[in-house]
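Keep the viewer open as you read.

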Number of protein chains: 2
Amino acid sequence: MFTLLKEEGLARRGTFETVHGTIQTPVFMNVGTLGAIKGAVSTLDLKDIGCQVELSNTYHLHVRPGDKVIKECGGLHKFMNWDRPILTDSGGFQVFSLAGLRKIREEGVYFNSHVDGRKIFMGPEESMQIQSNLASTIAMAFDECVALPAEYNYAKESHKRTIRWLKRCKDEMNRLNSLPDTINKHQMLFGINQGATFDDLRIENMKEIAELDLDGYAIGGLAVGETTEEMYHILDVVLPFAPKNKPRYLMGVGTPQNILEAVDRGIDFFDCVMPSRNARHCNIFTEKGYMSLKNERYITDMSPIDPDCDCPTCRNYSRAYLRHLFKANEMLAMRLCVIHNLYFYNKLMENIRAAIDGGYYKEFKKEKLEIYNSRV
Amino acid sequence: MFTLLKEEGLARRGTFETVHGTIQTPVFMNVGTLGAIKGAVSTLDLKDIGCQVELSNTYHLHVRPGDKVIKECGGLHKFMNWDRPILTDSGGFQVFSLAGLRKIREEGVYFNSHVDGRKIFMGPEESMQIQSNLASTIAMAFDECVALPAEYNYAKESHKRTIRWLKRCKDEMNRLNSLPDTINKHQMLFGINQGATFDDLRIENMKEIAELDLDGYAIGGLAVGETTEEMYHILDVVLPFAPKNKPRYLMGVGTPQNILEAVDRGIDFFDCVMPSRNARHCNIFTEKGYMSLKNERYITDMSPIDPDCDCPTCRNYSRAYLRHLFKANEMLAMRLCVIHNLYFYNKLMENIRAAIDGGYYKEFKKEKLEIYNSRV
């Protein structure tokens, strides 16, 4: 299903076939936690800005409106009117980042809902069942995301449990995909590499999960407080042990700079809330550098955010207008800036793919890093 | 500039020529207070939903970002990227509804900004200057909007002052339109009829302002707490004295029922925040009746708000999805519902025009009133 088209150094250009269409990699997935992109951006807008894959959160949708509601509505694709691939995370990360008190047991995790405090249990089988109800294109395995810095013995115990959970995920998905009333019987499973910041645990973990012949492999438990150098180091250490013929997904990463570096180390899939979150705070990515639209000097600046950008916002609205909307707390400010920032990320990936196709990724990366480290 | 195409009883079908294009009347103006429609709706969206005239608020734009900023940006049309007609109110209503302490003098009104408390003075000349800086298509005269119920002597004194202010507005606009650096030298002026709920004052006022040969005449000071019957009564009493060959604008009104009744009494222009405000609270207008999308029974209802509606929301999203978005506090809920409700209002006006054109307005009104008084 994953076809490697071209390589330059460790950077990879590929395609990933799914029942909801072919994904060109490297790809950035646009995050719509609750089945909607924050900032009043709809699935119609996602098509306008070149989004290939939408990512939704299993835990959030389980709590509201409930995965059984979504199944009754025909699955998440129908529910949100999106016909391209959807990846759902497993809920594992949210259980650890959002839930209050939690108890981790061999069977799974007991915790309280962040919305109404009610008790929830989620284990590998429950996560797979929820994701099967959502009928996403790609489901993520249920894992434990260990807080960093982690204690070695705990990280070791945890990654081994995560592997046992992964096997249960695989079995449960096989069972679910064979049931007559399952909406997406071709749902795919990505495993998640864990092991905190310990090289030996990361490698041991990746070697074991590689043997399970999953549809893809994610690097989890990063971008949670470690330094950028530690993150790149883990990639350098662990990716040589990831199956070459399967896509690799760096979860929750990151800045344009992070993406350029991670692609150079062999990552194919990305997701991050940064473009939409930054946009909602008036912080804008451009091909000329980073920009804060709140700056006083834009007050009568009738040029677009980036004159060379073809996004709907830059084609129609000025810095002066956007700045005014932010100052006046108009929701439209967020919408227009989220659209721009997501377009920027999707376009960056398109340019990355063209650079690998053209065999000039090294120069491309160097040039872009210089720009992205500057401010407009 | 106003051409009466057809009449049925007192209902009027017309066209109003402006430098920014021809307005088909009766018309509903879509309110974008600060140069943006609340609910993350842009001027691109307004074109999609059949908006003919956008309405912005002089007082709000004077405070943020400042009318001089907007003039420097080339006027409100360029600022918000909208090439069709814009009507700006005069600030009069906001001075009375939003400002804290205020002193009304012959020269104008002294009051404090609702944003930062700073002292502002606005009189007829200032209002015209601000609106000239905004370069709207139609400017409204600066008036005093008297709180209801009003004391007779005060209402009399006030409406006479409003007439003196109107004459100053007309003189100031003539002066501004003749200046070389005025953006819209063809800006038009609508006068505003006042007189609280006193028939004789309303009539006296209308007779006097009719003599000024303005571009249009508004009925102000209504929809501020009086009963619907009182409002209709004022229209019945005053409209016979409004010039027949000029458009009539009922400010800040109203429900679909109000619009149907007011058209039947000879009103041509409307504006109201109701469609967008209701949408933001999940209250939806449909051609089957009024609907609250928060209702539990829509939880898995995959039909659109109204299967017969051609708005972008109804063509793409379901009741179940919209309800979920509201429950999850997603901004997208507001956007999609504001788009639907504004489309509903614009479409209602289109149908009203077709009914007058076709000579069946009486039946149309009767049929629609029954529907709009019901709930889905």
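In chain B, look for B:Pro65 in the loop between helix H2 (58–63) and H3. The model you are viewing is a predicted one, and in it the peptide bond that runs from B:Arg64 to B:Pro65 is cis, with omega near 0°. Now move to B:Pro26, which sits in the loop between strand S3 (21–25) and strand S4 (27–31) of chain B. Here too you will find a cis peptide bond, leading from B:Thr25 to B:Pro26, with omega near 0°.

Chain A has a backbone detail of another kind to show you. A:Asn81 is not a glycine, yet its phi is positive, at about 55°. You can find A:Asn81 in the loop that runs between helix H4 (76–80) and strand S6 (86–88) of chain A.

How far can you trust such details? Chain A has an average pLDDT of 96, and 99% of the residues score at least 70. For the complex, the predictor reports an ipTM of 0.96 along with a pTM of 0.97. A word of caution still applies: where pLDDT is low, the predicted coordinates should not be read in detail.

Next, let's turn to charged pairs. Over all chains, the count of salt bridges comes to 54. One of the pairs to display joins the side chains of A:Glu7 and A:Lys244, at 3.0 Å from N to O.

Now zoom out to see how the chains are arranged. Chain B can be superposed on chain A by a rotation of 180° with 0.0 Å of shift along its axis, giving an RMSD of 0.0 Å. The two copies are therefore related as by a two-fold rotation axis. To place that axis on your screen, look for B:Ala40: in chain B, its C-alpha is the nearest to the axis, 3.3 Å away.

What does the contact between the chains involve? It takes 39 residues from chain A and 39 residues from chain B. Of the interface residues of chain B, 100% are also interface residues in chain A, so the copies meet through the same surface. The area buried between the chains is about 3300 Å², with carbon and sulfur atoms giving 63% of it.

How many salt bridges are counted between chain B and chain A? There are two salt bridges between these chains. The side chains of A:Lys38 and B:Glu330 meet in a salt bridge, at 2.4 Å from N to O. Polar contacts across the interface of chain B and chain A amount to 13 residue pairs, with both residues at pLDDT 80 or more.

On the side of chain B that touches chain A, at least two residues each come from helix H1 (43–48), helix H3 (67–72), helix H4 (76–80), helix H13 (319–327) and helix H14 (331–358) of chain B. H13(B) supplies the largest share, five residues. By residue type, this side of chain B divides into 22 nonpolar, nine polar and eight charged residues.

Note on methods. Residues numbered from 1 in each chain as written. Chains lettered and ligands numbered in written order. Heavy atoms only, no water. Contact = heavy atoms within 4.5 Å. Buried area = accessible area lost by both parts, 1.4 Å probe. Salt bridge = Lys/Arg side-chain N within 4 Å of Asp/Glu carboxyl O. Polar contact = N/O pair within 3.5 Å; in protein donor to acceptor, adjacent residues only side chain to side chain. Helix = DSSP H or I, 4+ residues; strand = E, 2+ residues; numbered from the N terminus. Nonpolar A, V, L, I, M, F, W, Y, C, P; charged D, E, K, R; others polar. pLDDT = per-residue confidence, 0-100. Least-squares fit on C-alpha atoms with pLDDT ≥ 70 in both.
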